[in-house]
Amino acid sequence: MPPKVRTTREMIVQAGLDVVRDEGPDALTMRAVAARLGCSTQPVLSNFPTSAQLKAAVYERADELHTAYIMQVEPGAENPLLSVGLRYVRFAKEEPNLFKLLFQSDGLGSTSLAGLVAADELTPIVSFIAAEAGVDEDAAREAFACIELVAHGYASFLANNSMDYDESFCARTLEAAFVGIVCMERGDL
């Protein structure tokens, strides 16, 4: 008799990610993951005793994928910050259900935009903005918040509606937001 295939934690998280990708965040259940794996719920439950733990692991994996995706700045990109913003929007178009899981399911872990913008994980981006715009870190965080709101708004439209993605329009809008907030932070307006 052949040995039983062991259902690993990694397999379960990947199956959960696939469920979310195909069916949306609300479809992520232990039964749906077990069905995707072709097994009973027992292996899922032994690795993730609660659905909250399963959802947290899938969320974490989706966040890792999102971060890796947006930080793949194209070689020779004239404006790496613009590239990150465009990739953020493109991710929403290409992975709408993962975008919804990450940004429209109350899983961000912060209760304010200021809290999100103050996160240590943003330091490399904030440092880039500060150097590029010639402003201090506080002003760079303000600039990031402005750009993030514009990018997130566009991304939300794409993730939740059947809309065409116009990258040149998106690039002009993000660039205008960046230039406007930097001018404001410098006192040029």
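I count helices (H or I, at least four residues) and strands (E, at least two) as DSSP runs, numbered from the N terminus.

**Ground rules.** This is a predicted model, where local features need pLDDT of at least 70, side-chain atom pairs count only at pLDDT 80 or more, and totals for chains, interfaces and linings use all residues. Residues are numbered from 1 along each chain as its sequence is written, and side-chain values use heavy atoms, with hydrogens and water left out.

**Whole chain.** I found 10 helices and 0 strands. Along the principal axes, the C-alpha atoms fill a box of roughly 75 × 35 × 30 Å. I looked up burial next (buried is under 20% relative accessible area, exposed over 50%, partly exposed in between; 1.4 Å probe, protein chains only). Of the 189 residues in the chain, 40% are buried. I then checked contacts, meaning heavy atoms within 4.5 Å. Taking those between residues at least 6 apart in sequence, 60% join residues at least 24 apart.

**Largest pocket.** I searched a 1 Å grid over the protein atoms alone; a pocket is an open set of points where a 1.4 Å probe fits, with protein on both sides within 12 Å along at least five of seven lines, and lining residues have an atom within 4 Å of a point. Volume here is the space filled by probe spheres set on the points, which are joined across faces, edges and corners. The largest pocket comes to about 820 Å³. It has 28 lining residues, and the closest to its centre are His66, Phe103, Leu122, Phe144 and Glu148. Which helix gives the largest share of this lining? I get α9, with 6 residues. I sorted the lining by type: Ala, Val, Leu, Ile, Met, Phe, Trp, Tyr, Cys and Pro count as nonpolar, Asp, Glu, Lys and Arg as charged, and the others, Gly among them, as polar. That gave me 20 nonpolar, 5 polar and 3 charged.

**Second largest pocket.** I read about 150 Å³ for this one. Its lining is Pro25, Asp26, Leu28, Lys55, Tyr59, Leu101, Ser105 and Gly107, which split into 4 nonpolar, 2 polar and 2 charged.

**Ser156.** I went back to α9 (residues 137-160), where Ser156 lies. Is Ser156 buried or exposed? Ser156 counts as buried because its relative accessible area is 16%. Setting aside neighbours within four places in sequence, I see Ser156 in contact with Phe99, Gln104 and Asn161.
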